[in-house]
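Please look through the sequence and the model before reading on.

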Amino acid sequence: MNYNLKEDTSPPGSPAAIIGAGVAGLAAAVRLAVAGHPVTVFEGAASFGGKMQQFSLPGGYRFDAGPSLFTLPALVDDLFRLAGRVPQDYFRYERLDPITQYFFSDGTRVAAWADTEHFAAEIEEKLGTPAAQVRAFLSRSGRSYEATAGTFLHKSLHKAGTYFNRETLKAVAALPALGLTGTMHRRHEKAFKDPRLVQLFDRFATYNGSDPYQAPATLSLIPHLEHGIGAFYPEGGIYAIASSLARLAQELGVGFRFNEPVEEILTAGGRVTGLRTSQGRYSFPLVVSNMDVVPTYRRLLPKQPAPERTLRQPRSSSALIFYWGVGAEFAELDLHNIFFSADYKAEFDAIFQQKIVAADPTVYVNITSKKTPEDAPPGHENWFVMVNVPHDQGQDWEELTRQTRAAVLAKLSRTLGRDLEPLIKAEKTWTPPGIAQDTSSFGGALYGSSSNNALAAFLRHPNFAGRLPGLYFCGGSVHPGGGIPLCLLSAKIVADLIA
Ligand code: FAD
């Protein structure tokens with residue numbers, strides 16, 4: 001598959017416009033500024049960050065609105081180093097241990113320790129699966145990551161050069177030996193007998209909004225990110241990633257035009273020539289869209305032929321989030337907490353087949369005040385309570401939100417042995433239509449298209465527009481995918497393509 005139909009002939013150091021100041025847009029701005037391009041970022045919202053926003057609720061509760069789990073921090077450090085800065089002068093983080101507290105529906109509790117030996121011993125003690133099996137699985141997950149990441153994540157998958165080299169052929173040839181054929185769930189079922197351990201590892205499919213019962217086994221390399229390389233917490237919360245990158249971009253001379261949504265990408269003579277906003281028309285030989293690729297084509301390029309097959313790929317899941325200021329402390333909870341459903345298959349069927357919210361959903365509770373006490377008043381906690389749900393296809397979200405809130409409260413109150421509702425002192429909700437409206441993500445999908453088939457990686461939109469030289473794409477809706485690390489890699493691929 002080679003989409004590179006026309007070459008971009010813009011001169012080196014040409015001015016570049018970036019549409020959107022999400023994490024990938026910020027990273028692309030930094031990379032292009034370092035490479036000598038004058039860069040202007042057009043952002044429709046009042047500030048940078050996109051899904052990586054923060055806000056406060058009355059009573060002194062701060063929240064990260066979107067992402068909460070952070071892996072591969074080196075990709076952020078790289079941007080500061082690239083600009084000749086010391087990363088720690090801008091951005092600091094700590095490695096988490098434990099990473100997550102898991103609560104199973106049968107009452108079993110498991111701490112996911114960062115250290116493999118410790119984690120494997122915990123699994124043996126709590127679930128009875130021999131530690132050696134856990135170690136072997138994680139080691140294979142690590143080998144899978146090493147064998148495939150360089151090819152599938154770090155380069156454009158849509159340039160002939162990526163296919164016809166030894167590294168790629170080696171990566172593809174390694175898949176069967178690594179057990180990376182079939183679905184992720186099958187892979188985990190083969191590795192473990194205990195359905196709770198299968199559920200624990202299946203959960204990693206949700207890291208890119210996919211269904212473990214459909215997603216390819218290659219996704220079982222995701223646990224390596226957490227258990228091999230580590231999960232991290234940025235000082236001050238996830239928003240620090242966006243704010244430190246925005247600061248760096250400003251220091252590098254990047255111009256930010258907030259509250260200025262782009263209304264059209266301008267073209268002439270078969271290439272991109274600039275863009276139009278309500279403030280006027282701007283001439284740019286290079287335009288990088290960090291906006292979701294579907295509305296980029298539908299709204300900003302309505303007259304251009306759109307890559308329909310790519311744009312019609314099934315979307316990833318979305319989320320229903322309850323932000324609660326909680327007037328109590330829960331010693332048994334940590335930064336990341338998962339309360340599993342009793343029937344994981346039924347839950348994913350609800351999301352991806354019936355396109356509703358499961359009656360008994362898995363609930364994720366993130367509490368940053370465990371790490372940043374100033375995020376809640378003394379004796380209180382800030383709970384980010386998230387359920388995976390389908391992307392918006394016109395469902396009755398008011399009713400689904402009401403039902404889900406009741407189910408979540410009942411489940412958490414039952415598991416924790418305390419009536420939660422009276423403890424909620426402040427509250428806000430974010431639904432799929434709200435996510436779509438606030439960030440222009442198509443259907444409010446968190447990660448662009450889903451990875452629910454073996455070809456999904458190849459069917460994601462490339463980081464460039466084959467028929468419109470000068471137009472590039474970064475962010476969670478294009479290659480290599482959603483989530484902070486992949487968004488950062490998309491910016492690197494764009495900068496490499498432009499260079
Ligand atoms: P986005 O954040 O989507 O930002 C796009 C920007 O473009 C926005 O600022 C928008 O205003 C702007 N824009 C859109 N249209 C226009 C226009 N026409 N003109 C100008 N500007 C425009 N990832 C993780 O790694 N870990 C997690 O734990 C995690 N959890 C998540 C939980 C939630 C609730 C959500 C919503 C996401 C989560 N993600 C997580 C995914 C992660 O947040 C995203 O993949 C990533 O932040 C997307 O970044 P992006 O660069 O694609 O841009």
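## Helix α8

In α8, the buried residues are Leu 197, Val 198, Gln 199, Leu 200, Phe 201 and Asp 202; buried means under 20% relative accessible area, exposed over 50% and partly exposed in between (1.4 Å probe, protein chains only). Because 6 of the 8 residues of this helix (residues 195–202) are buried, α8 is largely enclosed by the rest of the structure. Helices (H or I, at least four residues) and strands (E, at least two) are DSSP runs, numbered from the N terminus. The N-terminal end of α8 is capped by Asp 194, which has a side-chain oxygen 2.7 Å from the backbone nitrogen of Arg 196.

The model is predicted: local features need pLDDT of at least 70, side-chain atom pairs count only at pLDDT 80 or more, and totals for chains, interfaces and linings use all residues. Residues are numbered from 1 along each chain as its sequence is written, and side-chain values use heavy atoms, with hydrogens and water left out.

## Ligand surroundings

Around the ligand there are 32 residues, of which Glu 43, Lys 51, Gly 476, Gly 483 and Ile 484 come nearest; a residue is near a molecule if one of its heavy atoms lies within 4 Å of it. By class, this shell has 16 nonpolar, 14 polar and 2 charged residues. Here Ala, Val, Leu, Ile, Met, Phe, Trp, Tyr, Cys and Pro count as nonpolar, Asp, Glu, Lys and Arg as charged, and the others, Gly among them, as polar.

A polar backbone atom of Ile 484 is 2.7 Å from an oxygen atom of the ligand, and a backbone N or O atom of Val 262 lies 2.9 Å from a ligand nitrogen atom. The elements giving two or more residues to the shell are α1 (23–34) and α17 (484–498). The largest share, 3 residues, comes from α17.

## Ser 490 in α17

Helix α17 also holds Ser 490, which is buried, with a relative accessible area of 0%. Leaving aside neighbours within four places in sequence, Ser 490 is in contact (heavy atoms within 4.5 Å) with Ala 24, Asn 463, Cys 474, Gly 475, His 479 and Pro 480. The C-alpha atoms of Ser 490 and Ser 413 are separated by 41 Å, with the two residues 77 apart along the chain.

## Thr 401 in α14

Thr 401 sits in helix α14 (residues 397–416). Thr 401 counts as buried because its relative accessibility is 14%. Not counting residues up to four places away in sequence, Thr 401 touches Leu 320, Phe 322, Thr 429 and Thr 431.

Notes:
Polar contact = N/O pair within 3.5 Å; in protein donor to acceptor, adjacent residues only side chain to side chain.
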